[in-house]
Amino acid sequence: MTTSQQIIAQTDQWGAHHYNPLPVVIAEAEGVWVTDVEGKRYIDMLSGYSALSHGHRHPRIIEAAKRQMDRVTLTARAFHNDQLGHLLQQLSELCGMDKALMMNSGAEAVETAIKLARKWGYQVKGVPRYEAEIIVCDNNFHGRTTTVISFSSEETYKHDFGPLTPGFRFVPFGDSDALEAAITPNTVAFLVEPIQGEGGINVPSEGYLRRVREICDRHNILLLTDEIQVGLGRTGKLFCFQHDDIEPDILILGKALGGGVLPVSAIVTKADLLGLFVPGEHGSTFGANPLACAVASEALSVLVDEHLTERAAEMGDYLRHRLNAMESPHVVEVRGKGLLVGVALKPELGGARPFCLRLLERGVLCKETHKDVIRFAPPLTITREEMDWALERVEAVLLEDLPVAEKA
Ligand SMILES: *Cc1c(COP(=O)(O)O)cnc(C)c1O
């Protein structure tokens, strides 16, 4: 039999070391549970950073995928397929927008939004060619392509990968005055995560997006919200921008849109915006393939039919309440919205990873983010009993006295 250890060694030998995964090798999964090669079961409290919001192998989504696999899976965009139109309408209506454009990965959708915002700047706003500026936030995460890392504030993401794409300016996240001060006549857009996920589960102060929307309107710049991680129910609203009762000009989606099965991303906009693209200007061989469309469509239907947004709100309140009640001596703050929760540990503990390793030992999968934060983002389908199972183990670890060597 091949052991987890052997598989990890094989992966290390033959693969790049561009990740630092926890030492668990998953072989099977169902719902919120995964099983490793040795047969040990774990509860998945990360859910693929929201890509598994529906849980692993949701029966309806798997069924939709199988059905479509027996019909047609790929046409490329040289021809129409019979799944795309339905998905575009369903997605646009769900978002309260007019048009959608399908891509594969989240980073591709961000790239698509950037291209569209720049084109709008030149064609509609009248910015001189190649002078368009897009404002982004410190501590952002929008993906890993060359242009997207160009506006990362994380040095390791970009230091050896230049020359970088110009045309981006930084402002502190959550500071609407700084945004307004950074706007120039050439500013075409502000790109923001309504809650910063990779940045450490940073929730801006009440009304931030409303002030941002107002500033964007006043200066005629587009508001691009990256809801790849926080959208589709995760924060207890279908979309995070709904907490502030506003609408973005371009909504960027990914992760959960693929139902935990396939990479599916999209940008969703008001009609006059997506209408700016003409044939030849943008595309992707696999974008909007009929298999991905069938899966995404079912993923959206399940989200609505199973009231996953409401469940995220309710279970998220419960999770945060329980975490706070633990009064762990190691915890500085519990933050987040819905089922996106960050537990910030005291910096002198030297990072959240040892905690994640101890949780792993006890059968709870989660991952550190931004060094000191444990992120809990379970599937939105998680039941109260499953949450309690996880919390019992989380409590044991958070209340544990640390081994002397790990104390500051
Ligand atoms: C994951 C993520 C991305 C990138 O998505 P990929 O599918 O990994 O390219 C972009 N923005 C946010 C907010 C994300 O969480």
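At 29% relative accessibility, Arg60 counts as partly exposed, a label for values between buried (under 20% relative accessible area) and exposed (over 50%), found with a 1.4 Å probe on protein chains only. This is a predicted model, in which local features need pLDDT of at least 70 and side-chain atom pairs count only at pLDDT 80 or more, while totals for chains, interfaces and linings use all residues. Residues are numbered from 1 along each chain as its sequence is written, and side-chain values use heavy atoms, with hydrogens and water left out.

## Arg60 and its partners

Side chains of opposite charge can pair when their charged atoms come close. Here a salt bridge is a side-chain nitrogen of Lys or Arg within 4 Å of a carboxyl oxygen of Asp or Glu. Arg60 forms one with Glu298, and their closest N and O atoms are 2.9 Å apart. Arg60 belongs to helix H2 (residues 59–69) and Glu298 to helix H10, so this pair ties together parts 238 residues apart in sequence. Helices (H or I, at least four residues) and strands (E, at least two) are DSSP runs, numbered from the N terminus. Glu298 is buried, with a relative accessible area of 15%.

Asp305 also forms a salt bridge with Arg60, with 2.9 Å between the closest N and O atoms. Because Asp305 lies in helix H10 and Arg60 in helix H2, the pair ties together parts that are 245 residues apart in sequence. Asp305 itself is partly exposed, at a relative accessible area of 45%.

## Another salt bridge

A search of the whole structure finds 18 salt bridges. One of them joins Arg353 and Glu368, whose closest N and O atoms are 3.4 Å apart. Arg353 sits in helix H12 (residues 353–361) and Glu368 in strand E14 (residues 367–369), so the pair ties together parts 15 residues apart in sequence. Both Arg353 and Glu368 are buried.

## How H10 packs with H3

Helix H10 (residues 290–305) also packs with helix H3 (residues 84–95), at an angle of about 35° and with axes 9 Å apart. Axes are lines fitted to C-alpha atoms, for helices over the stretch in contact, and angles run from 0 to 180 degrees between N-to-C directions. The crossing is left-handed: the near helix is turned anticlockwise from the far one by less than a right angle.

Among the residues that meet are Leu87 and Leu91 in H3, and Ala296 and Leu300 in H10; contact means heavy atoms within 4.5 Å. The contact residues divide into eight nonpolar, four polar and no charged.

Terms used: Ala, Val, Leu, Ile, Met, Phe, Trp, Tyr, Cys and Pro count as nonpolar, Asp, Glu, Lys and Arg as charged, and the others, Gly among them, as polar.
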